[in-house]
Amino acid sequence: MWLEVTGFCNERCDHCYADSGPDQGHGTMTVADWVRVIDEFAAMGGVDVQFIGGEPTLYPYLPELIAHAASARGLGVEVFSNMTHIRLAVWEAISSHGAKLATSYYSDDGAEHDSITRLRGAHRKTRANITKAVDLGIPIRGGVVSLREGQRAMQAVSDLRAIGVHEVGGDRIRAFGRAGAGVHPQIKDLCGHCAYEKVAIGPDGAVWPCVLGRFIDVGNVRSGTLAEIWAGSRLAEARAGIAAVHGAGAAACTPPQFLPMCGPCGPCVPSVGHCDPEMAPMAAATTT
């Protein structure tokens with residue numbers, strides 16, 4: 001389950017699928033609402049929770065939610081952060097409750113990374129905090145999203161590995177949120193595994209098949225329980241609609257960009273040439 005605890009973000013990425021940024025807020029979900037949803041998810045047999053945003057580390061009560069999900073309910077916890085601003089309380093919560101981290105990384109070149117995030121100094125801060133996570137022994141995944149021609153995507157992969165990040169995934173830009181440039185989102189741009197063993201909840205309680213499928217609203221946890229929504233007709237219709245476009249499922253692709261249990265992320269990243277960056281040299285050798 002993705003919990004999008006805030007729409008607020010200190011970065012202004014043009015490709016942001018969530019339309020998050022400095023002008024967005026934390027939404028209408030209260031801490032008690034989030035705790036209740038976590039409890040309901042655990043009672044349903046849920047396994048993993050990812051806190052996302054916006055920038056989840058800027059949500060004031062993130063440490064409390066990490067503690068509740070991990071220690072009180074025994075869920076696996078991951079925080080998907082841009083890694084630019086992690087206060088001490090968040091570091092302590094992640095470390096003491098065995099949570100994991102995931103982040104997006106766009107280039108080994110600071111100027112290029114900062115031009116994508118539209119935040120001066122973002123690369124320096126992100127890289128420093130990735131290094132800190134590795135030094136602290138916190139499991140961390142990296143995701144390199146291909147956005148523009150000539151982007152130093154493979155160099156970004158190499159840089160992450162040099163820091164000590166062993167799990168690095170890739171993805172392409174997807175036509176959701178600001179990246180859609182006003183184009184209405186379509187089911188065909190989803191991976192096809194949305195609403196199967198996974199669900200997302202937004203800052204105002206809206207329930208979606210996944211964080212990218214926010215244009216498919218299947219209910220709201222402020223007016224119904226998660227179990228009711230999961231078993232409801234709206235989610236069943238959403239599953240049917242997704243299956244009608246994608247079929248029974250696409251070929252597996254690894255490693256995943258978002259939740260650890262996510263399925264295929266294809267099509268492959270143009271600048272990498274293969275869904276798994278580790279396979280890029282082999283693909284190139286085969287081509288030549």
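Helix 1 is followed by G45, a residue with a positive phi near 95 degrees. The structure is a predicted model. Its chain contains nine helices and nine strands, and 52% of the 288 residues count as buried. Among contacts between residues at least 6 apart in sequence, 69% join residues at least 24 apart.

**Helix 1**

- Helix 1 comprises 13 residues, 31-43.
- The buried residues of helix 1 are D33, W34, V37, I38, E40 and F41. They lie on the same side of the helix, because the arc they cover around the axis is only 165 degrees.
- An α-helix has 3.6 residues a turn, so residues three or four places apart point the same way.
- A32 and A43 are exposed on the other side of helix 1.
- The packing partners of the buried residues of helix 1 include two further helices, helix 2 (62-72) and helix 7 (226-230). These buried residues also pack against strand 1 (2-4), strand 2 (48-52) and strand 7 (200-201).

- Strand 1 and strand 2 run parallel and are joined by three bridges. Within this pairing, E4 has I52 of strand 2 as its bridge partner.
- In passing from strand 1 to strand 2 the chain goes through helix 1, and this β-α-β crossover is right-handed.
- Strand 2 is also parallel to strand 3 (residues 76-80), to which four bridges join it. Here V49 has V77 of strand 3 as its bridge partner.
- The path from strand 2 to strand 3 leads through helix 2, and this β-α-β crossover is right-handed.
- Four of the five residues of strand 2 are buried, so this strand is largely enclosed by the rest of the structure.

**Nonpolar core**

- The largest nonpolar core has 72 residues. The members that touch the most other members are M1, L3, F51, I66, L101 and I201.
- One of these, F51, can be followed through its contacts, leaving out residues up to four places away in sequence. F51 touches L3, V5, I38, P56, L62 and L65, and its contacts continue with I66, A69, V77, E78, V79 and F80.

**Two individual sites**

- G170 is found in strand 6, which covers residues 167-172. With a relative accessible area of 3%, below the 20% cut-off, G170 counts as buried.
- G142 is 28 residues from G170 along the chain, and the C-alpha atoms of the two residues are separated by 8.5 Å.
- D114 lies in helix 4, which covers residues 110-117. Its relative accessible area is 17%, and D114 is therefore buried, the cut-off being under 20%.
- Apart from neighbours within four places in sequence, D114 is in contact with L119, R120, G121, A122 and H123.
- The C-alpha atoms of D114 and E11 are separated by 9.3 Å, although these residues are 103 residues apart along the chain.

Notes:
Residues numbered from 1 in each chain as written. Predicted model: local features only at pLDDT ≥ 70, side-chain atom pairs only at ≥ 80, totals over all residues. Heavy atoms only, no water. Helix = DSSP H or I, 4+ residues; strand = E, 2+ residues; numbered from the N terminus. Buried < 20%, exposed > 50% of the residue type's maximum accessible area, 1.4 Å probe, protein only. Core = buried A, V, L, I, M, F, W, Y, C linked by side-chain atoms within 4.5 Å. Contact = heavy atoms within 4.5 Å. Expected span 1.5 Å × (residues − 1). Arc of directions from axis to C-beta. Pairing = 2+ DSSP bridges. Right-handed = clockwise from strand over helix to strand, strands pointing away.
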